[in-house]
Amino acid sequence: MKKIKVISVFIVLFILFGISAFAQNNSDKKPQKGFAVLELFTSEGCSSCPPADELMGKIQNEYKDSPVYVLAYHVDYWDRQGWKDIFSNPDYTKRQYDYAKWLGKEPIYTPQLVVNGKKDYIASDETSVRNAVKNTLSKPDNLEFSLEAISINNRLNLSYNVNGISKNTKLVLAVVQKSAKSNVKRGENAHRILSHYQIVKQLNSITLKNNGKGNTTISEPKDFNIKDFEIIAFVQDMNSGAILGAEKAIIN
């Protein structure tokens, strides 16, 4: 009987030790974090857009140390309404139409916000937008993603490494001006000085090959400087529009 008791105690201690070691090993692992890519479609010619622009500025400031990436695309279809937006680009209008097909949401409108390529919101609806950011950040990101950038002779040399890619995905690179102000003289926002945040000045896409690892070079936009600009990259499923992962490059 004594031998049986000794063996039983040994087994219990062994199990407890194993559980403790397992818990310790798992506690060392950092929990996976989610991410939020906020794509705003806006225009200086749209009177309902300034509140959305301001909200994006607040979110950018509040989440500056979190994986929240704000991108403001100035579309061009408002340019015929009395004021040409100095940041407008037909490529961004096309991107908005792409989302209209992916999300099944037509007609397009401003200010529209698309979060992680999966759902859209009226970008000035602060409650809905903030809830969307919180919910998206709570979902784990399973894509490993690194990005580096070097500025040389008016060119940006980029190195990227994406693990876990699937077919029909592209790496989208956005060169972003962090902030700017504009004096609007005509149109719906006439005689107003508008504040803009996270303005996309250039957008490029690369088909991912070689297991998601590679290098590319893109030209710097006009007035580019390391202090006032940044590069945001994200991996997008070109069949559904869903964004699978995102990263921000520190420019050297």
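Visitor: How many aromatic pairs does a search of the whole structure find?

Guide: A pair of aromatic rings is described by the distance of the centres and the angle of the planes. The search of the whole structure gives five aromatic pairs. Rings of Phe, Tyr and Trp (its six-membered ring) pair if their centres lie within 6.5 Å; planes under 30 degrees apart are stacked, over 60 edge-to-face, and the rest tilted. Helices (H or I, at least four residues) and strands (E, at least two) are DSSP runs, numbered from the N terminus.

The model is predicted: local features need pLDDT of at least 70 and side-chain atom pairs count only at pLDDT 80 or more, while totals for chains, interfaces and linings use all residues. Residues are numbered from 1 along each chain as its sequence is written, and side-chain values use heavy atoms, with hydrogens and water left out.

Visitor: At what angle do helix 2 and helix 4 pack?

Guide: Two packed helices are described by the angle between their axes and the distance between the axes. Helix 2 (residues 50–62) packs on helix 4 (residues 126–137) at about 30 degrees, the axes being 11 Å apart. Axes are lines fitted to C-alpha atoms, for helices over the stretch in contact, and angles run from 0 to 180 degrees between N-to-C directions. Helix 2 and helix 4 are therefore roughly parallel to each other (under 35 degrees is roughly parallel, over 145 roughly antiparallel, 65 to 115 roughly perpendicular, the rest oblique).

Visitor: Which residues of helix 2 and helix 4 meet?

Guide: From helix 2, Leu55, Met56, Lys58, Ile59 and Glu62 meet Glu126, Val129 and Arg130 of helix 4; contact means heavy atoms within 4.5 Å. The residues of this contact divide into four nonpolar, no polar and four charged. Ala, Val, Leu, Ile, Met, Phe, Trp, Tyr, Cys and Pro count as nonpolar, Asp, Glu, Lys and Arg as charged, and the others, Gly among them, as polar.

Visitor: What is the strand order in the open sheet of three strands?

Guide: Strands of a sheet pair through backbone hydrogen bonds, either parallel or antiparallel. Here the order is 5-6-9, with antiparallel pairing; two strands pair if DSSP finds at least two bridges between them. Strand 5 (144–152) and strand 9 (213–219) are the edges, each pairing on one side only. The twist averages 20 degrees from one strand to the next. Strand 5 is joined to strand 6 (residues 155–163) by nine bridges, and Ser146 has Asn161 as its bridge partner.

Visitor: Which strands does strand 10 pair with?

Guide: Six bridges link strand 10 (residues 229–237) to strand 11 (residues 243–249), antiparallel. These two form a hairpin with five residues between them, and Gly241 in the turn has a positive phi of about 85 degrees. Nine bridges join strand 10 to strand 7 (residues 169–184), also antiparallel. Val235 is the bridge partner of Leu171, and Val235 is partnered with Gly245 in strand 11.
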